[in-house]
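Let's take a walk through a protein fold together, one piece at a time.

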Amino acid sequence: MGVKGLQHFMDSCCPEARVTVHLREMAKRQRVCTSTANVPSATLVVDGMACLRHWYTCKDWVCGGQWREYMDVLKGWVEAFTSAGIRLVFFFDGVVEDQKRQVWVKRRRRVNGEISKMFRHMKAYGEQPGTELFCLPSGLATFTCFALRSLGQNVFCSVQEADYEIASYARQHGCMGILGQDSDFLIYESAPYLSVAKLRIDSLTTVMYDRQRLCRAIGLTATQLPLLACLLGNDVVSEEQMQHIRNNAIATYRTNNPTPHRGAPQGQKVHAVSQLVSSLWGREEQEPGFIPQSVNLSAPHRELLKKGVRSYLLLGQDASQRGDISAAPSAFEKHVSPQILKACREKHIATEGFMVYSVVCQGVIDCSNTLEDEEDSELLPQALVYKPCRQRMYGLLLLRGHEGSSVDLPAIREWFVYRGNPLKEPDMVHPVPVRLPCHQPSLDLLWFGTGPEVPTLRLMSFLSIFDCQEFSDLHGDIEDALLAALCLVTYIVLQVQTLSQEDIDAYLSQAVCLRLKSPDELQHIKLPVLSSRAVQLGSLYVRGLGNLLGANCASGSPLPGAALMPWHSFDGRLFHSKYLLAHGGTEAAVLLESDSSCLSLFIRLRERLRETCGKRGRVLRSRPHAPERGPRVPPGTGYRERHAGGTKDWRERGETKGGHRHGGGWRASGEASGPPSECESRERTWQRGHFNPHPGSYPYGHDGGAQNTSRPQIQSRGRTHLNRGRYTAAPRQQQCGNRCSSSWS
């Protein structure tokens with residue numbers, strides 16, 4: 001969040017503190033200045049979280065992510081800096097500190113509202129919303145860390161507040177600047193703050209927010225900036241807690257300055273609080289973290305303010321600053337060895353692992369928003385779908401020596417965003433033992449063992465987390481990315497009882513076909529309609545890859561990490577196209593693009609999935625879902641115009657249309673978008689399940705109305721229901737504990 005209102009003040013009210021800079025020239029000057037300091041190149045520290053929206057420039061964002069295209073964007077972005085002799089160091093948020101949990105919750109609720117609007121728009125207008133409802137694909141932050149590492153970059157995952165670690169690193173290593181979009185970087189006494197929002201990658205120019213010029217403009221010293229930040233409001237001291245101080249300051253300012261400052265009211269607020277801070281201080285330098293006694297605060301608020309001010313003190317600035325986080329006790333240190341604790345932290349910082357540090361060292365795990373339709377009660381939220389595998393992963397990490405005992409059983413605090421979870425408190429989730437033919441191996445053996453039996457133990461532990469032990473014989477026989485995809489899809493089918501044969505065909509066919517596609521081919525896939533159900537299934541899959549990644553790390557990495565990356569097994573547009581074809585009754589040969597080797601592999605994977613599901617009593621059936629085919633109507637169009645009919649066929653327009661909707665079709669509503677004979681013909685074709693099997697054709701030419709209701713409604717066979725605002729799934733899957741909830745990020 002940064003300092004409340006300060007970024008806007010800098011951009012709108014304080015032009016003297018904004019300086020356009022050429023990063024190439026800055027780098028040259030930096031190399032000259034550090035030529036005797038054994039610094040090989042100019043280093044720019046990058047706030048990765050702030051860059052995500054600027055990196056993800058792919059046209060499609062609702063379908064689950066255009067991961068190969070995104071990889072090309074990252075590669076080009078990195079090359080622009082390295083060609084200029086600029087070394088990049090990336091930082092990503094690795095934890096949510098307790099003091100910022102409520103800020104995190106507030107943001108998650110806000111984004112949830114935006115996602116709901118996105119789904120409503122898609123179902124109403126049959127297309128991806130505009131940029132005003134843009135939402136990053138699920139899992140983007142997680143996989144971007146690994147993407148940058150694969151490009152040879154230095155990437156760090158924070159073990160405390162990321163802004164603090166970024167500023168500390170830049171200060172300690174004499175970096176040329178911090179590239180981000182957070183006004184906190186103005187408050188830290190560190191490297192220059194450079195705007196990623198103003199960055200022009202072609203010319204490597206951007207805006208530098210000059211700290212000293214800001215101080216001169218508002219009449220403060222650099223030492224006073226932390227107090228200003230806290231009084232304005234930041235992640236430690238909320239805006240509401242200092243409201244009375246600001247109100248008094250603004251009243252005094254307006255009395256003394258009857259002519260409003262430019263940029264009012266934001267300009268007035270910053271200037272008013274700045275004058276207050278200046279009046280409380282003598283001109284002499286004060287000790288770091290000093291809070292003048294004349295500030296009218298209660299004792300608790302004074303302590304909070306002091307804590308907020310000291311949060312800006314970096315290493316070496318004050319003896320009472322944040323201590324060495326590595327010395328902090330682990331949440332479950334008695335359950336694992338010191339070597340495991342050390343390895344957890346090292347892997348986390350180097351972004352070589354995922355989830356295990358949060359579980360073992362912190363005992364808490366969180367997951368941000370996922371593109372899920374809260375109005376679709378048929379599909380479980382991903383938090384609950386993956387809860388059983390997370391519990392088994394926790395068991396692998398923590399339950400060595402607890403076999404059959406519930407005494408002192410650890411519990412993980414989970415913060416997950418999903419429908420029915422108010423996020424007022426974490427869900428307490430207990431580990432579940434993995435089911436192995438032998439006793440559960442120790443974590444030390446899985447992670448550090450070198451014996452001949454260890455690789456098999458690692459693989460079986462990994463597969464057991466997803467209840468897919470039968471697939472062990474496929475290891476080494478098919479590509480690792482396909483084995484991971486098969487494992488994930490099988491797990492999803494076992495957990496989500498409403499998934500159909502068509503869904504499985506879509507998942508597996510896109511995983512098989514993706515290997516043959518170039519990024520350019522994937523970008524040019526044409527989608528005649530959009531299905532909100534397919535959007536949610538795409539996000540469900542990508543979140544599943546994150547769980548695969550965590551389980552792989554917990555198991556000692558039996559699979560290479562690259563095999564679990566989405567750019568090797570998932571593309572949003574490709575999956576969406578396969579979904580539409582599969583649910584339109586397209587034959588398998590066409591679904592696999594008439595490639596005999598792909599078809600053979602697809603059939604093999606599908607048969608193994610069916611066999612495994614059959615052993616567990618899960619019977620797959622055909623259940624086609626007709627997507628929404630409502631006419632494309634711009635917002636604000638009246639009822640008569642919206643329901644007038646006569647819309648041209650999508651094949652004539654070449655436009656992307658539609659989305660999934662439950663409800664009556666054009667017959668039920670008495671409305672049709674084309675001649676009745678044409679609509680009736682399509683309806684009969686849909687009922688029979690026979691369609692033009694051409695790879696470039698889709699069975700959805702009908703633009704008006706929703707899913708037709710002349711076909712019997714297919715009832716969900718899964719025992720899924722909503723209980724007290726929470727989801728509950730089939731008991732046989734041990735889906736939920738007492739509170740039926742979950743979380744990871």
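Strand β6 (residues 193-195) pairs with β7 in the antiparallel sense, over 2 bridges. Two strands count as paired here if DSSP finds at least two bridges between them. Strands themselves are DSSP runs of E with at least two residues, while helices are runs of H or I with at least four residues, and both are numbered from the N terminus. Within this pair, the bridge partner of Tyr193 in β7 is Tyr209.

Before going on, please note that this is a predicted model, in which local features need pLDDT of at least 70 and side-chain atom pairs count only at pLDDT 80 or more, whereas totals for chains, interfaces and linings use all residues. Residues are numbered from 1 along each chain as its sequence is written, and side-chain values use heavy atoms, with hydrogens and water left out.

## The sheet around β7

Strand β7 also has a link to β1 (residues 18-22): the two run antiparallel and are joined by 5 bridges. Two residues of β1 show how this works. Val21 has Thr206 as its bridge partner in β7, and Arg18 has Tyr209.

Is strand β7 mostly covered or mostly uncovered? Strand β7 (residues 205-209) is mostly covered, with 5 of its 5 residues buried. Buried means under 20% relative accessible area, exposed means over 50%, and partly exposed lies in between, using a 1.4 Å probe and protein chains only.

Now zoom out. These strands belong to an open sheet of 7 strands, in the order β1-β7-β6-β5-β2-β3-β4, with mixed pairing. The edge strands are β1 and β4 (154-157), and each of them pairs on one side only. From one strand to the next, the twist averages 30 degrees. Strands of a sheet pair through backbone hydrogen bonds, either parallel or antiparallel.

Helix α4 (residues 67-82) lies across β2 (42-47), β3 (86-92) and β5 (177-180), and runs at about 135 degrees to β3. Such angles run from 0 to 180 degrees between N-to-C directions, and axes are lines fitted to C-alpha atoms, for helices over the stretch in contact.

## A sheet of 3 strands

Another open sheet has 3 strands in the order β8-β9-β10, with mixed pairing. β8 (364-367) and β10 (427-429) stand at the edges with a single partner strand each, so one side of each is left without a neighbour in the sheet. The twist in this sheet averages 30 degrees from one strand to the next.

How many bridges pair β8 with β9? The parallel pairing of β8 with strand β9 (residues 412-416) has 4 bridges, and in β9 the bridge partner of Asp366 is Trp415. Helix α17 (residues 387-398) lies across β8, β9 and β10, at about 150 degrees to β9.

## Helices that cross

Two packed helices are described by the angle between their axes and the distance between the axes. Here are two such pairs:

| Helix pair | Axes come within | Crossing angle |
|---|---|---|
| α23 (residues 532-554) and α25 (residues 572-583) | 10 Å | roughly 130 degrees |
| α10 (residues 225-232) and α12 (residues 266-280) | 10 Å | roughly 130 degrees |

α23 and α25 are therefore oblique to each other, and α10 and α12 are oblique to each other as well. Angles under 35 degrees count as roughly parallel, over 145 as roughly antiparallel, 65 to 115 as roughly perpendicular, and the rest as oblique.

Which residues of α23 and α25 meet? Arg533, Ala534, Val535, Leu537 and Gly538 in α23 meet Phe575, His576, Tyr579 and His583 in α25, where contact means heavy atoms within 4.5 Å. The residues of this contact divide into 5 nonpolar, 3 polar and 1 charged. Ala, Val, Leu, Ile, Met, Phe, Trp, Tyr, Cys and Pro count as nonpolar, Asp, Glu, Lys and Arg as charged, and the others, Gly among them, as polar.

In the other pair, Leu227, Leu228, Leu231 and Leu232 of α10 meet residues of α12 including Lys269, Val270 and Val273.

## The whole chain

Finally, the chain has 31 helices and 14 strands, and buried residues make up 58% of its 745 residues.
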